[in-house]
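Here are my notes on the model you sent over. Have the structure open while you go through them.

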Amino acid sequence: MASGDDSPIFEDDESPLCSLEKMTDLVAVWDVALSDGVHKIEFEHGTTSGKRVVYVDGKEEIRREWMFKLVGKETFFVGAAKTKATINIDAISGFAYEYTLEIDGKSLKKYMENRSKTTNTWVLHLDGEELRVVLEKDTMDVWCNGQRMETATIKRPRLANWIRKQESSFFAASKKHTLLSP
């Protein structure tokens, strides 16, 4: 059982590398959008065997057998930037459990709220191909389809001078232009 907006999304489809039929103790699935793409996190919890298995994008990241303590945490890393993720396992009553996901030490909900403020994401369809472009506003990193792109940096004084030149040439005829201060 999961709670709140951190609730996993239960799906009937199959992951490329592992099927739900193999995961008999699957209890939670989350889709997490990072700069390098959307990652699917799946969690198996065998409450009778004590088994815990974490899959990221269909690849097994953690497997623990015969865990006698059924509550606790599993920490692992997701994506190209190795973002820290933790699954919290809490007992809510008897043999019912709650599973929540934290990304970089924040609940999934808080992380996604913060991420929406610090990134812009575009999905473009060009020549029949889908491109996912992410701008990280805090670092000015640009990602395209999971790859961090090389970008040129323009220092602010150079940018201000370039804008002034553009304004001057564009508005020279009308004599109605304003100069930006650096």
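This is a predicted model: local features need pLDDT of at least 70, side-chain atom pairs count only at pLDDT 80 or more; totals for chains, interfaces and linings use all residues.

1. The largest pocket holds about 310 Å³ of space. Its lining runs to 17 residues, and Ser 35, Asp 104, Tyr 111, Arg 115 and Glu 136 are the ones nearest the centre.

2. Who supplies that lining? Helix α1 (residues 108-118) gives the largest share, with 4 residues. By class, the lining of the largest pocket splits into 6 nonpolar, 5 polar and 6 charged residues.

3. Now the sheet. It is an open one of 4 strands, antiparallel in its pairing, and the order reads β1-β2-β3-β4. The edges belong to β1 (26-34) and β4 (59-64); each has a single partner strand, so one side of each has no neighbour in the sheet. On average, and ignoring direction, neighbouring strands here are turned by 15° against each other.

4. Looking inside the sheet, β2 (residues 37-45) and β3 (residues 52-56) form an antiparallel pair with 5 bridges. If you want a spot to check by eye, Glu 42 sits opposite Tyr 55 of β3.

5. Last, the core. The largest nonpolar core has 22 residues, and those touching the most other members are Trp 30, Ile 41, Phe 43, Phe 76, Ile 87 and Leu 101. At least two core residues come from each of β1, β2, β3, β5 (72-78), β6 (83-93), β7 (96-103) and α1. Strand β1 provides the largest share of this core, 5 residues.

Technical notes: Residues are numbered from 1 along each chain as its sequence is written. Side-chain values use heavy atoms; hydrogens and water are left out. On a 1 Å grid over the protein atoms alone, a cavity is a set of points where a 1.4 Å probe fits but cannot get out, and a pocket is an open set with protein on both sides within 12 Å along at least five of seven lines; lining residues have an atom within 4 Å of a point. Grid points are joined across faces, edges and corners, and a volume is the space filled by probe spheres set on the points. Ala, Val, Leu, Ile, Met, Phe, Trp, Tyr, Cys and Pro count as nonpolar, Asp, Glu, Lys and Arg as charged, and the others, Gly among them, as polar. Two strands pair if DSSP finds at least two bridges between them. Axes are lines fitted to C-alpha atoms, for helices over the stretch in contact, and angles run from 0 to 180 degrees between N-to-C directions. A nonpolar core is a set of buried Ala, Val, Leu, Ile, Met, Phe, Trp, Tyr and Cys residues joined through side-chain atoms within 4.5 Å. Buried means under 20% relative accessible area, exposed over 50%, partly exposed in between (1.4 Å probe, protein chains only).
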